[in-house]
Amino acid sequence: MNSELFLGVPPLIVLQKMKKSILILVAGLLIGFLTGRIIPPSKPTSWNQIERGMHYSEVYNVIPSLREGMRDVKGVDTCIAEFGSSYWQLFVYYDDNGKVYRIETKLF
């Protein structure tokens, strides 16, 4: 048996195929990583159900985590939805009657 052959294939060809496979693997990982950074995650769909004029009790039924907000003190509730190293933050502002007058979402 020839010691220079690896499963019947010369070592140089084996190394070339390994380099190509590793390069394809690294390129795929890089593309996946960059895609995750460039294309932001979508915000939670329940946030789209909040509308101007809704009473805070209706908002709390849609997004229970807002109940720990600062509505009583500052007139605004906020919550966060995390996605790895990115996160969405929701701000819901209320008027004096407890109804929504402004909704903001920000991606960080």
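Leaving aside neighbours within four places in sequence, Leu66 is in contact with Ile50, Val59, Tyr60, Asp77, Thr78, Cys79, Leu90 and Val92, where contact means heavy atoms within 4.5 Å. The model is a predicted one, in which local features need pLDDT of at least 70 and side-chain atom pairs count only at pLDDT 80 or more, while totals for chains, interfaces and linings use all residues. Residues are numbered from 1 along each chain as its sequence is written, and side-chain values use heavy atoms, with hydrogens and water left out.

Which residues touch the most other members of the largest nonpolar core? They are Ile50, Leu66 and Leu90, within a core of 14 residues. Helix 2 (56-62), strand 1 (76-83) and strand 2 each give two or more residues to this core, and strand 2 supplies the largest share, four residues. A nonpolar core is here a set of buried Ala, Val, Leu, Ile, Met, Phe, Trp, Tyr and Cys residues joined through side-chain atoms within 4.5 Å. Buried denotes under 20% relative accessible area, exposed over 50%, and partly exposed in between (1.4 Å probe, protein chains only).

## Chain composition and surface

The protein chain has three helices and three strands, which run α-α-α-β-β-β from the N terminus on. These elements are DSSP runs numbered from the N terminus (helices: H or I, at least four residues; strands: E, at least two).

Of the 108 residues of the protein chain, 22% count as buried. The accessible surface comes to about 8200 Å², of which 60% belongs to carbon and sulfur atoms; accessible areas come from the Shrake-Rupley method with a 1.4 Å probe, and for residues only the protein chains shown count as cover. Among contacts between residues at least 6 apart in sequence, 35% join residues at least 24 apart.

## Strand pairing

Strand 1 and strand 2 run antiparallel and are joined by eight bridges; two strands pair if DSSP finds at least two bridges between them. Thr78 has Phe91 in strand 2 as its bridge partner. The hairpin of strand 1 and strand 2 has two residues between the strands, and Gly84 takes a positive phi near 65 degrees.

Strand 2 (residues 86-94) is also antiparallel to strand 3 (residues 100-107), with seven bridges between them. On this side, the bridge partner of Phe91 is Glu104 in strand 3, and Val92 stands opposite Ile103. Five residues separate strand 2 and strand 3 in their hairpin, where Gly98 in the turn has a positive phi of about 80 degrees. Strand 2 is largely enclosed by the rest of the structure, because eight of its nine residues are buried.

Trp88 is found in strand 2 and counts as buried at 13% relative accessibility. Not counting residues up to four places away in sequence, Trp88 touches Pro41, Ser42, Lys43, Trp47, Cys79, Ile80, Ala81, Phe83, Thr105, Lys106 and Leu107. The C-alpha atoms of Trp88 and Lys106 are separated by 5.6 Å, although the two residues are 18 apart along the chain.

Arg71 lies in helix 3 (residues 71-74). Is this residue, at 19% relative accessibility, buried or exposed? Arg71 counts as buried. Beyond its neighbours within four places in sequence, Arg71 is in contact with Tyr56, Tyr60, Val76, Asp77 and Tyr94. Its C-alpha atom is separated by 8.8 Å from that of Val92, 21 residues apart along the chain.

## Aromatic pairs and a charge over a ring

Rings of Phe, Tyr and Trp (its six-membered ring) pair if their centres lie within 6.5 Å; planes under 30 degrees apart count as stacked, over 60 as edge-to-face and the rest as tilted. By this rule the count comes to five aromatic pairs. Tyr87 and Phe108 form a stacked pair, 5.1 Å centre to centre with 20 degrees between the planes. Tyr87 lies in strand 2 and Phe108 in the segment after strand 3, so the pair ties together parts that are 21 residues apart in sequence. Tyr87 is partly exposed at 28% relative accessibility, and Phe108 is partly exposed with a relative accessible area of 45%.

Tyr93 and Tyr101 form a tilted pair, with 6.3 Å centre to centre and 50 degrees between the planes. Tyr93 is buried, with a relative accessible area of 17%, whereas Tyr101 is partly exposed at 40%. Arg102 lies over the face of Tyr93, at 4.0 Å from the ring centre; a charge sits over a ring if NZ of Lys or CZ of Arg is within 6 Å of the ring centre and within 35 degrees of the ring normal. Ring pairs also link Tyr56, Tyr60 and Tyr94 into a cluster.
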